[in-house]
Amino acid sequence: MNKCYSCGGEIKVIKDKPYHYNECGLDVVLCGITQYACPSCGEEYASIPNIQKLHRLIGAYICQKRKALLKPEEIKFLRKDLHLMAKELATMLGVTVSTVSRWENGKKEIGEAYDRLLRSVYMMYASEQANHMICGGVLNMFKELPAKRKKIEHPKELVLNPQEWLNCLPDCCPT
Ligand SMILES: [Zn+2]
C-alpha cells in the first residue's frame with residue numbers, strides 16, 4: 001500500500017488521468033503517468049520516469065516547431081535544459097544578459113537569427129549528449145568566442161595532416 005510522503009496517510013493511485021506537467025514551464029500533457037493523490041491532506045504528485053530524456057524530447061519538439069519564433073517560455077526551457085544561467089547564454093550568443101531577460105519575459109522578440117542559433121546550439125548539445133559527439137563540445141565552443149571580434153580577418157591556411165582525420169580521438173567521433 002502506498003503512503004503519502006507528506007502526512008503518511010493512505011494514498012490513492014490514479015493511472016488513467018492525463019498529467020499537466022506545468023513544472024516544466026510549458027503546456028505539456030503527459031499520458032500514461034501514474035499519479036498519486038492523498039485524500040487526507042490533498043497532496044498530489046506524479047511519477048515521471050527519466051525526466052532528462054523527457055526534457056530532451058520536449059526540447060527537440062520546440063526546436064522543430066516551424067511556423068513561429070521561439071516563445072519566451074520556450075527560450076527559458078531550452079536555456080534551463082542546457083543548464084545555463086541567463087548570463088552564460090548571453091555570452092554564448094553574443095548578446096547582453098538583459099536581452100536574454102527580455103526574450104524570456106516577452107518584452108522583446110528573439111528574432112530570426114538568434115532563434116535559429118539557439119535551436120542549433122540546443123540540437124547540437126542534445127546530439128552530443130546522445131553520444132553522437134561533435135569534437136570539443138558545442139557549449140564550450142560558443143562560450144569561448146570573444147565578445148567582440150574583428151569584422152575582417154585575413155584568411156589563414158588550414159593545415160591538416162592525415163593523422164588528424166585518421167586517428168581522431170576515440171571519444172570524439174562515433175565509430
Ligand atoms: Zn497526505
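How many salt bridges does the count come to by this rule? I took the rule first: a side-chain nitrogen of Lys or Arg within 4 Å of a carboxyl oxygen of Asp or Glu. The count comes to six salt bridges.

**Entry 1. Ground rules.** I noted that this is a predicted model, in which local features need pLDDT of at least 70 and side-chain atom pairs count only at pLDDT 80 or more, while totals for chains, interfaces and linings use all residues. Residues are numbered from 1 along each chain as its sequence is written, and side-chain values use heavy atoms, with hydrogens and water left out.

**Entry 2. The chain as a whole.** I looked up the elements and found seven helices and five strands. Both are DSSP runs numbered from the N terminus, helices being H or I with at least four residues and strands E with at least two. Read from the N terminus, the order is β-β-β-β-β-α-α-α-α-α-α-α. Of the 175 residues, 33% count as buried. I used these cut-offs: buried is under 20% relative accessible area, exposed is over 50%, and partly exposed is in between (1.4 Å probe, protein chains only). I then checked contacts, meaning heavy atoms within 4.5 Å. Among contacts with a separation of 6 or more, 53% join residues 24 or more positions apart.

Entry 3. I went to H5, residues 112-129, and found Arg116 and Glu112 in it, four residues apart, about one turn of the helix. Their salt bridge has its closest N and O atoms 2.9 Å apart. Arg116 counts as exposed at 55% relative accessibility, whereas Glu112 is partly exposed at 45%. Next I looked at Asp115 and Arg119, whose side chains meet in a salt bridge of 2.7 Å, N to O. Asp115 and Arg119 are separated by about one helical turn because they are four residues apart in helix H5. Are Asp115 and Arg119 buried or exposed? Asp115 is buried, and so is Arg119.

**Entry 4. The largest pocket.** I looked up its volume and got about 180 Å³. The search ran on a 1 Å grid over the protein atoms alone; a pocket is an open set of points where a 1.4 Å probe fits, with protein on both sides within 12 Å along at least five of seven lines, and lining residues have an atom within 4 Å of a point. Volume is the space filled by probe spheres set on the points, which are joined across faces, edges and corners. The lining includes Leu26, Asp27, Val28, Ile58, Lys71 and Glu73. Helix H1 (51-63) and helix H2 (72-81) are the elements that give two or more residues to the lining. H1 provides the largest share, three residues. I also noted that domain 1 (12-47) and domain 2 (51-143) each supply at least three lining residues, the bounds coming from an automatic or database domain assignment.

**Entry 5. Charge at the pocket.** I sorted the lining residues into five nonpolar, no polar and five charged. Two of the lining residues, Lys71 and Glu73, meet in a salt bridge of 3.9 Å, N to O. Glu73 is partly exposed at 33% relative accessible area, and Lys71 is partly exposed at 41%.

**Entry 6. Thr91.** I found Thr91 in helix H3, residues 86-93. What is Thr91 in contact with, leaving aside its neighbours within four places in sequence? The partners are Phe142 and Lys143. Lys143 lies 52 residues from Thr91 along the chain, and their C-alpha atoms are separated by 6.4 Å. Thr91 is partly exposed, with a relative accessible area of 39%.

Methods
Nonpolar A, V, L, I, M, F, W, Y, C, P; charged D, E, K, R; others polar.
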